[in-house]
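The following exercises concern a predicted model.

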Amino acid sequence: MIKAILIFNNHGKPRLSKFYQRYSEDTQQQIIRETFHLVSKRDENVCNFLEGGLLIGGSDNKLIYRHYATLYFVFCVDSSESELGILDLIQVFVETLDKCFENVCELDLIFHVDKVHNILAEMVMGGMVLETNMNEIVTQIDAQNKLEKSEAGLAGAPARAVSAVKNMNLPEIPRNINIGDISIKVPNLPTFK
Amino acid sequence: GVVPISNLIRTIRTARTQAEEREMIQKECAAIRSSFREEDNTYRCRNVAKLLYMHMLGYPAHFGQLECLKLIASQKFTDKRIGYLGAMLLLDERQDVHLLMTNCIKNDLNHSTQYVQGLALCTLGCMGSSEMCRDLAGEVEKLLKTSNSYLRKKAALCAVHVIRKVPELMEMFLPATKNLLNEKNHGVLHTSVVLLTEMCERSPDMLAHFRKLVPQLVRILKNLIMSGYSPEHDVSGISDPFLQVRILRLLRILGRNDDDSSEAMNDILAQVATNTETSKNVGNAILYETVLTIMDIKSESGLRVLAINILGRFLLNNDKNIRYVALTSLLKTVQTDHNAVQRHRSTIVDCLKDLDVSIKRRAMELSFALVNGNNVRGMMKELLYFLDSCEPEFKADCASGIFLAAEKYAPSKRWHIDTIMRVLTTAGSYVRDDAVPNLIQLITNSVEMHAYTVQRLYKAILGDYSQQPLVQVASWCIGEYGDLLVSGQCEEEEPIQVTEDEVLDILESVLISNMSASVTRGYALTAIMKLSTRFTCTVNRIKKVVSIYGSSIDVELQQRAVEYNALFKKYDHMRPALLERMPVMEKVTTNGPAEIVQTNGETETAVLETKPPPSGLQPANQVTETDPGYAGFLFPTGIPSITAYNKNGLKIDFTFERSNTNPSVTVITIQASNSTELDMTDFVFQAAVPKTFQLQLLSPSSSVIPAFNSGTITQVIKVLNPQKVSDSKKNC
């Protein structure tokens, strides 16, 4: 069973937090911090598996993670999951994000975290793997987005404004996530903690 | 107006400090709250989305819970989508509010739009409480039989959640499982296999029932392997590796302990093992799963050898992940296929030198499992070197492992003592507290080595007396065998010249030093006292030391000193008998906390032992268990140690082993430690087990847990599970 799926950046700022087991809000934040702490200490050429921290529940659990330039994708799983299989799953997740957002970058995750949740919901349900076929997932997401758009009407104005705003003021947004040879660029925004 | 979420996000990102961010969030929350009060339907969706964003950053968002429910009840898909997401993130079973969702979910499960049905299934499958599951199980069962593959696959996982929450409902899903494997859609196949797996793991009857699916599963797997390139399912040249892995796992469960099923899957396993392309991770994931399955079922020996060899190749793979899983699997198989794993011993030992902490840990555990009578010298050399150079987080476990292995396989007493010395001097501060009495007992029983041991220990602490376990053992030895030390009787090595005063100097330094723990001081004082009957020239000095400590602030020391003083003054005639050499101790268990029984325990010794070190010698009148497993060992079970309790400064750890004389008996060693400022007294551990199990609690080492983690209580608990086949999810 997958206990939690976390995405955070190189500074530990959460970009997605999904827990498949009940934890209090405080504990959730602690888990995110502890996971970041454990994972950010790792060298670049060690294995992608870590024995889980104390908070997320003892030595039966593992952290399986992948680091793509500015983002960490971390799956916390128990011993019933295959470590190598989860690595493959993370790959599918990232490739799917890439397809849905057209060369995804960290900004996409920041501004559209609900969409990321929707994509994830088509892949993992209740801590179990639901669908691993990227094209299937993308098809289903597209159909649901179309459904939303058709309901939009007046309420669609904000959604369209979002895309307009996103492509406006910001300087050149080069985005390329090369799975494998990573180079995600984020524009120069003022840094914050 | 109500700002769009992107504006909020951009604003928050301009904050330069945490305080600034908090201020912005609070401002926005206030705006959202008033917008909620106005019951504005148009903007509810947007506001909840903003709330979820803030929640992810760690800010409270509970005031949005009801709004989520309103969104779920809306007619629009857009609203429902955010509403259900909000419910999953903000709500949980502990709030009554979530029950209000039940009706909405019920309606949505029957909605005309499949994506609405999908949302409902997803939410129910993620967070449905037992009540909700009970109410809605029928709907889920219906959807499990639909021909809509999108819904069918979701219903399958939802059913798994329902079964986990309300196990009694498992039966009702049985009819619907009949045709699940006939599906062409891989998503449905995948989740169906997950559902079947869950059912088999929960119920031996279900397991028996589903064994008849083995031929069908084998066929599906065969098609995946042989069918050639299928663009729809291809991942790096392999057809749906995820499904293959799932099926292999289910086959493992079905084939376990069953000859017929194991035979039926033998061929396909051999095929997968030999034909799978290993250049990409997906191929290795399949191979890994295949190996685990082969090792777990009743496969023929040729197949098992094939599997272990695959793991051997994995060990040499450049990819660290592969090496890691190889070590993990070898650890699982080392009990059953010990000789096969032994062949890879040198590669495994090399992994001790890997830079990767995760790999080191696995290699260490595996190395200990591989130590036997033949290789103990070589292995210990490697492990001692590892102990020297490894990270602090490993040292305690490594030290304990070395002690255990040395005890089981020591080729000679001298080697054994030397090994212990090496550990104490290398990792002296990391040695666990319960090692001290074990070592003392070992030393006592190695009669011919007393002189050698005390000499080496004396030399070890001369330079450095900061490592508490080392100093404790050394103090004890010097107290016992100080006469051998000053008389230069050592045979094993060049005897050193040391005077009684020099010996007392070192013990007094330990007493005075502020590096010494209270327990250690106790050892030192007692040792000094014992020397009063072994030394001839310095008895007056000893009397003086003892009387000084009669007014020590440390109550422990004070009590001892006062009693020793009394010995000098009023009971001098008893002193020689009381302080005489310890007899050889009869050891009752070979593992875990030693229950030491003194064969000629005189009740007067209780005077000296009134406040024993936490896991120290037992009072003579306490009955200890005669364990028939004296000659037998306790095997690691593969169940990882856990921290069972950790609250308010009290921490209780469980480690698990299995008795080799009775595999249905699991031996749990509990260790309780106390990080508060006060000792915990009258500590009693109680346990309860299901009716079919039997429980036996052996005597704890003490009922007092000293403060500041300065000692632990250990206790052994034996659990007998007569039906060991059932509920073994951990074995997957």
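**Exercise 1. The fold of chain A**

Which pattern does chain A follow when read along the sequence? State also how many helices and strands chain A has, and what share of its residues is buried.

*Solution.* 
Step 1. Reading along the sequence of chain A gives β-β-α-β-β-β-α-α-α-β-β-α-α.
Step 2. Counting the elements gives 6 helices and 7 strands for chain A.
Step 3. Of the 193 residues in chain A, 58% are buried.
Step 4. Turn to the contacts in chain A with a separation of 6 or more: 52% of them are accounted for by residues 24 or more positions apart.

**Exercise 2. The interface of chain B and chain A**

Describe the interface by its contacts, its buried area and its composition.

*Solution.* 
Step 1. Begin with the residues: 72 residues of chain B are in contact with 70 residues of chain A.
Step 2. Continue with the area. The size of an interface is often given as the accessible area lost when the parts come together. Here, chain B and chain A bury about 6400 Å² between them, with 56% of it on carbon and sulfur atoms. In chain B, the residues that lose the most area to chain A are B:R13, B:M56 and B:R81, which together make up 13% of what that side buries.
Step 3. Examine the polar pairs. Between chain B and chain A, 19 residue pairs are in polar contact, both residues being at pLDDT 80 or more. The element that gives the most to the side of chain B touching chain A is helix α9 (residues 149-165) of chain B, with 8 residues. By class, that side of chain B has 31 nonpolar, 20 polar and 21 charged residues.
Step 4. Look for salt bridges: 6 are found across the interface. In the one between B:K154 and A:E122, the closest N and O atoms are 3.3 Å apart, and the cut-off is 4 Å.

**Exercise 3. Cysteines and disulfides**

How many disulfides are there over all chains?

*Solution.* 
Step 1. The count over all chains is 0 disulfides.
Step 2. Recall the cut-off: a disulfide needs two cysteine sulfur atoms within 2.5 Å.
Step 3. For A:C47, the closest cysteine sulfur is in B:C351, 11 Å away, so the distance is too far for a bond.
Step 4. For A:C76, the closest cysteine sulfur is that of A:C47, and a bond is ruled out because the two sulfurs are 15 Å apart.
Step 5. Consider burial as well. A:C47 is buried, with a relative accessible area of 0%, and A:C76 is buried too, at 3%.

Notes:
Residues are numbered from 1 along each chain as its sequence is written. Chains are lettered from A and ligands numbered from 1 in the order in which they are written. This is a predicted model: local features need pLDDT of at least 70, side-chain atom pairs count only at pLDDT 80 or more; totals for chains, interfaces and linings use all residues. Side-chain values use heavy atoms; hydrogens and water are left out. Contact means heavy atoms within 4.5 Å. Buried area is the accessible area (1.4 Å probe) that two parts lose on being put together, summed over both. A salt bridge is a side-chain nitrogen of Lys or Arg within 4 Å of a carboxyl oxygen of Asp or Glu. A polar contact is a pair of N or O atoms within 3.5 Å; within protein, one must be able to donate a hydrogen and the other to accept it, and residues adjacent in sequence count only if both atoms are side-chain atoms. Helices (H or I, at least four residues) and strands (E, at least two) are DSSP runs, numbered from the N terminus. Ala, Val, Leu, Ile, Met, Phe, Trp, Tyr, Cys and Pro count as nonpolar, Asp, Glu, Lys and Arg as charged, and the others, Gly among them, as polar. Buried means under 20% relative accessible area, exposed over 50%, partly exposed in between (1.4 Å probe, protein chains only).
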